[in-house]
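Keep the sequence and the 3D view open while reading.

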Amino acid sequence: MNKQSLLLATLSLVLQCSAQAAVSAGEAAQLNSTLTPIGAQRAGNADGSIPAWDGGLGPAAGHVDAASGRLQDPYADEQPLFTISAANLAQYAEHLTPGQQALFQRYPDSYRMRVFPSHRSASVPAAIQQAAARNAVSTTLLANGDGLKDFATAIPFPIPQNGLEVMWNHLTRYRGGSARRSYVLATPLANGTFTPVYFQQQFSYRDHLTDFDPAKPSNVLFYYRELITAPARLAGDVVLVHETLDQVKEPRKAWIYNAGQRRVRRAPQISYDGPFPASEGQRTADNLDMFNGALDRYDWKLLGKRELYIPYNSFQLEAPSQRYTDIVKAGHINPDLTRYELHRVWAVEGTLKAGKRHIYAKRVAYLDEDSWQIVLLDHFDARGTLWRVAEGFMTPRYDVQVPWLGVETLYDLINGRYIVAGMRNEEHEPLEFGFKTSPAEYTPTALRNAGVR
């Protein structure tokens with residue numbers, strides 16, 4: 001090959017890579033300067049109420065009980081800066097979402113928010129930071145944004161260009177690679193009475209499977225399994241999900257094992273606005289984990305960044321000293337146990353596409369810039385009425401550097417009920433991360449074995 005041909009070939013290769021790259025190498029360099037390794041602003045805000053990023057909490061941040069895996073609260077000695085109530089709501093409205101303000105209006109006598117000093121405690125391991133840097137210049141959206149191409153591990157778009165990319169960051173954010181936990185869900189009546197539902201949950205991302213080949217990755221993003229252990233009428237029921245990267249080309253696969261019938265059946269309703277099991281109709285399948293599943297039914301518009309009071313460092317809410325009856329109250333969870341801090345968030349508006357169906361005509365998601373976790377989510381019905389308000393209570397697992405969403409709530413402003421999931425206060429099994437599993441654990445056959453009672 002002569003010099004001219006070699007130059008043309010090299011130029012062609014560079015142009016191809018530039019066309020495919022999410023951002024240029026020059027833009028990606030911001031991840032080592034003005035941005036954190038996964039795309040947040042390093043600097044604090046103008047008045048210092050949001051601090052500069054210092055790397056987040058690491059394993060040395062506090063004591064971890066080896067038997068239970070319980071974390072010490074590194075901020076236990078702090079007192080609230082102030083408390084927001086219906087009486088002083090207007091003073092703080094600029095830092096509140098419409099959904100948060102609606103909760104004050106719905107429960108003016110009992111709902112309040114204790115606001116504490118802000119700590120940017122979320123952190124991820126070095127390998128995840130390196131994967132995000134690689135993704136920044138290599139990962140692209142497939143046609144129509146229905147999947148990802150050339151994606152590694154987590155956070156495909158640390159420097160997002162649109163709302164769809166921001167939502168993909170939430171779907172693929174770092175969650176420890178694999179995790180298993182027991183937890184409790186409650187769906188109280190309007191007077192606060194409830195029957196706890198006990199779950200055993202496990203998921204594994206594809207790179208934590210024993211047969212994972214990075215040279216030949218499958219279309220599966222992760223496997224998910226959830227077993228109900230109580231009450232007796234639900235015990236033994238299991239949900240199994242194979243979540244795909246391109247869900248339109250290869251839709252999510254889901255199965256349900258019904259212990260009463262001793263039968264495994266396909267469950268296409270475990271997606272979009274299908275009812276999620278054991279939720280008493282209070283949440284859809286894609287409400288789990290704030291939002292999950294395919295993005296194709298909505299147009300996602302990036303609204304930019306805001307400074308909001310969001311649930312953060314919720315160690316007190318997860319403390320073993322609290323009983324479930326201490327947390328679950330009439331109308332909403334106990335505001336004396338929640339903690340809010342001022343943080344920067346990405347705001348993304350999802351509007352239902354013409355010809356598509358979903359019970360939510362619009363959703364507005366707010367994502368923590370330091371973790372890409374959705375922490376607040378407002379849901380609107382077909383009339384444009386604010387219907388349901390979701391909150392995700394971030395409690396970083398600093399021992400393993402996982403920005404973990406522990407407890408999540410979904411409030412129905414119309415019927416006055418709500419659902420709270422992820423409570424572990426009275427559970428004794430430790431929360432485990434990072435283990436390797438075989439795909440055989442996530443087959444319909446394994447589903448039947450797990451559900452035997």
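Is W300 buried or exposed? W300 has a relative accessible area of 11%, so it is buried. The cut-off for buried is under 20%.

## Model and ring pairs

This is a predicted model. The structure holds 16 aromatic pairs. One of them joins F291 and W300. Their ring centres are 5.6 Å apart.

## A pair across the chain

Y360 and W387 also form an edge-to-face pair. The centre-to-centre distance is 5.5 Å, with 70 degrees between the planes. This pair links distant parts of the chain, as the two residues are 27 residues apart. Y360 lies in the loop between β12 (340-352) and β13 (362-368). W387 belongs to strand β15 (residues 386-394).

Y360 has 0% relative accessibility and therefore counts as buried. W387, at 17% relative accessibility, counts as buried as well.

## Cluster and charges over rings

Which residues do ring pairs link into a cluster? They are F203, Y205, F222, W404 and F433.

F203, a member of that cluster, also has a charge over its ring. The charged end of R175 sits there, 4.3 Å from the ring centre. R180 is placed likewise over F435. Its charged end is 3.8 Å from the centre of the F435 ring.

Methods: Residues numbered from 1 in each chain as written. Predicted model: local features only at pLDDT ≥ 70, side-chain atom pairs only at ≥ 80, totals over all residues. Heavy atoms only, no water. Phe/Tyr/Trp six-rings, centres within 6.5 Å; stacked < 30°, edge-to-face > 60°. Buried < 20%, exposed > 50% of the residue type's maximum accessible area, 1.4 Å probe, protein only. Helix = DSSP H or I, 4+ residues; strand = E, 2+ residues; numbered from the N terminus. Lys NZ or Arg CZ within 6 Å of the ring centre and 35° of its normal.
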